[in-house]
Amino acid sequence: MVQVEVAAKKAEGSSSCTNGLLWLTRAMDFILELFRNLMEHEDWAMSKVCTEAYTKTLKKYHGWLASSTFTVAMKLAPDRKKFMDVVAGNGDISSDIEKFCATFTPILQENHKFLASVGLDDMKA
């Protein structure tokens with residue numbers, strides 16, 4: 001579908017499958033970075049974990065309004081311990097996050113490779 005949209009010059013449309021794949025990939029970049037921050041910076045507050053992940057992954061694609069909205073949303077970020085307790089449930093959250101990152105990173109790299117092959121990995125949408 002992406003290749004058909006690219007050939008038809010419809011890939012950059014806001015309702016295109018290509019745009020959906022691009023933003024899904026970016027969102028997953030954010031989630032992976034957030035998880036890495038949680039594991040690597042145990043002393044960081046949840047708002048810092050999220051803000052650093054956002055800055056590294058999504059901010060460059062957002063305009064002033066989206067970036068400002070994110071900044072306001074971070075004022076409502078939950079307490080780190082509460083977040084980790086809720087996400088963990090009855091499992092071993094650290095182990096689960098490490099497994100997720102190890103398993104999902106290569107899949108995400110394939111998405112980036114594919115998007116780059118059709119010239120869209122850095123498309124600003």
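## About the model

This is a predicted model, in which local features need pLDDT of at least 70 and side-chain atom pairs count only at pLDDT 80 or more, while totals for chains, interfaces and linings use all residues. Residues are numbered from 1 along each chain as its sequence is written, and side-chain values use heavy atoms, with hydrogens and water left out.

Helices here are DSSP runs (H or I, at least four residues), numbered from the N terminus, as are strands (E, at least two).

## How α2 meets α3

Let's start with α2 (17-40) and α3 (46-57). Their axes come within 8 Å and cross at roughly 140°, so α2 and α3 are oblique to each other. Axes are lines fitted to C-alpha atoms, for helices over the stretch in contact, and angles run from 0 to 180 degrees between N-to-C directions. The crossing is right-handed (near helix turned clockwise from the far one by less than a right angle; anticlockwise is left-handed).

On the α2 side, the contact (heavy atoms within 4.5 Å) is made by Asp29, Phe30, Glu33, Leu34, Asn37 and Leu38. Their partners in α3 include Met46, Val49, Cys50 and Tyr54. By class, this contact has 8 nonpolar, 2 polar and 4 charged residues. Ala, Val, Leu, Ile, Met, Phe, Trp, Tyr, Cys and Pro count as nonpolar, Asp, Glu, Lys and Arg as charged, and the others, Gly among them, as polar.

## A closer look at Glu33

Apart from neighbours within four places in sequence, Glu33 is in contact with Ala53, Lys56 and Thr57.

## How α2 meets α6

α2 also packs with helix α6 (residues 93-117), at an angle of about 150° and with the axes 10 Å apart. This crossing is left-handed. Among the α2 residues involved are Leu21, Leu22, Met28 and Phe35, and the α6 residues include Ile97, Phe100, Phe104 and Leu108. The residues of this contact divide into 15 nonpolar, 5 polar and 2 charged.

## The two faces of α4

In helix α4 (residues 64-74), Ser67, Phe70 and Met74 are the buried residues. Seen down the α4 axis, they fall within an arc of 60°, so they line one face of the helix; the arc is that of the directions from the helix axis to the C-beta atoms. These buried residues pack against α2 and α3. Exposed Trp64, Leu65 and Val72 sit on the face turned away from the buried side.

Conventions. Buried < 20%, exposed > 50% of the residue type's maximum accessible area, 1.4 Å probe, protein only. Parallel < 35°, antiparallel > 145°, perpendicular 65-115°, else oblique.
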